[in-house]
Amino acid sequence: TALLRIAQLEAGPPLPPQEGPVVDLSALVTTLADAYAVVAEEAGKRLEVQIAPDQRLHGDAALLRQMLTNLMDNALTHGGQTLRVRLRAGPGLEVADDGPGIPAEERARVLRRFYRLDRSRGTPGSGLGLALVAAVAKLHGAAPVLSDAAPGLRVTVDLSDAQTKS
């Protein structure tokens with residue numbers, strides 16, 4: 001079903017800016033962070049959260065939730081001991097960890113369907129999580145940017161094009 005969903009998102013046009021339902025992104029991130037705090041604690045890891053209040057955008061709440069879930073799952077599975085989730089005014093979403101990261105030359109490839117780093121082949125997954133993140137971001141007029149968190153990986157998605165105008 002993930003592959004079908006990615007294909008549907010990639011085939012469709014981006015959401016028109018300033019149209020569609022308004023999503024309270026601050027509340028969505030808070031809800032997911034609360035749920036993942038328990039998951040991180042059970043895994044012996046730490047979750048750090050910073051959420052700017054009142055960040056709203058036009059978009060698809062279910063897809064945005066799936067995008068953030070995929071990013072947090074990846075950080076917990078492949079990252080180190082600390083997962084950081086940040087929603088900044090703008091709005092901009094950032095998920096980072098202190099794990100081994102992804103080499104710069106591999107970052108564009110991990111956004112493609114079924115691509116997995118050699119070191120990840122022994123862990124559960126199909127290589128679709130970050131492809132879905134890229135498809136959801138594109139639908140909302142954005143693109144994920146993967147960078148070095150020194151140590152670890154940082155994924156940033158600038159959703160300002162979908163931001164509501166107050």
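Colleague: Let's start at the helix end: which residue caps the N-terminal end of α3?

Modeller: D60 does, with a side-chain oxygen 3.1 Å from the backbone nitrogen of A62. Keep in mind that this is a predicted model.

Colleague: And how many residues does α3 have, and what does its reach tell me?

Modeller: The idea is to set the end-to-end reach beside the span expected at 1.5 Å a residue. Helix α3 covers residues 61-78, which is 18 residues, and reaches 26 Å from first C-alpha to last, close to the expected 26 Å.

Colleague: On to the loops. Where are the cis peptide bonds?

Modeller: Look at omega. Another joins A150 and P151, with omega about 0 degrees; P151 is in the loop between β6 (144-148) and β7 (153-158).

Colleague: What is the phi of A150, and is A150 buried or exposed?

Modeller: A150 isn't a glycine, yet its phi is positive, about 50 degrees. Exposed means over 50% relative accessible area, so A150 at 63% is exposed.

Colleague: Where is D54, and what is its phi?

Modeller: D54 lies in the loop between β2 (46-51) and β3 (56-58). Its phi is about 60 degrees, positive although D54 is not a glycine. At 61% relative accessibility, D54 counts as exposed too.

Conventions
Residues are numbered from 1 along each chain as its sequence is written. This is a predicted model: local features need pLDDT of at least 70, side-chain atom pairs count only at pLDDT 80 or more; totals for chains, interfaces and linings use all residues. Side-chain values use heavy atoms; hydrogens and water are left out. Helices (H or I, at least four residues) and strands (E, at least two) are DSSP runs, numbered from the N terminus. The expected span of a helix is 1.5 Å times one less than its number of residues. A polar contact is a pair of N or O atoms within 3.5 Å; within protein, one must be able to donate a hydrogen and the other to accept it, and residues adjacent in sequence count only if both atoms are side-chain atoms. Buried means under 20% relative accessible area, exposed over 50%, partly exposed in between (1.4 Å probe, protein chains only).
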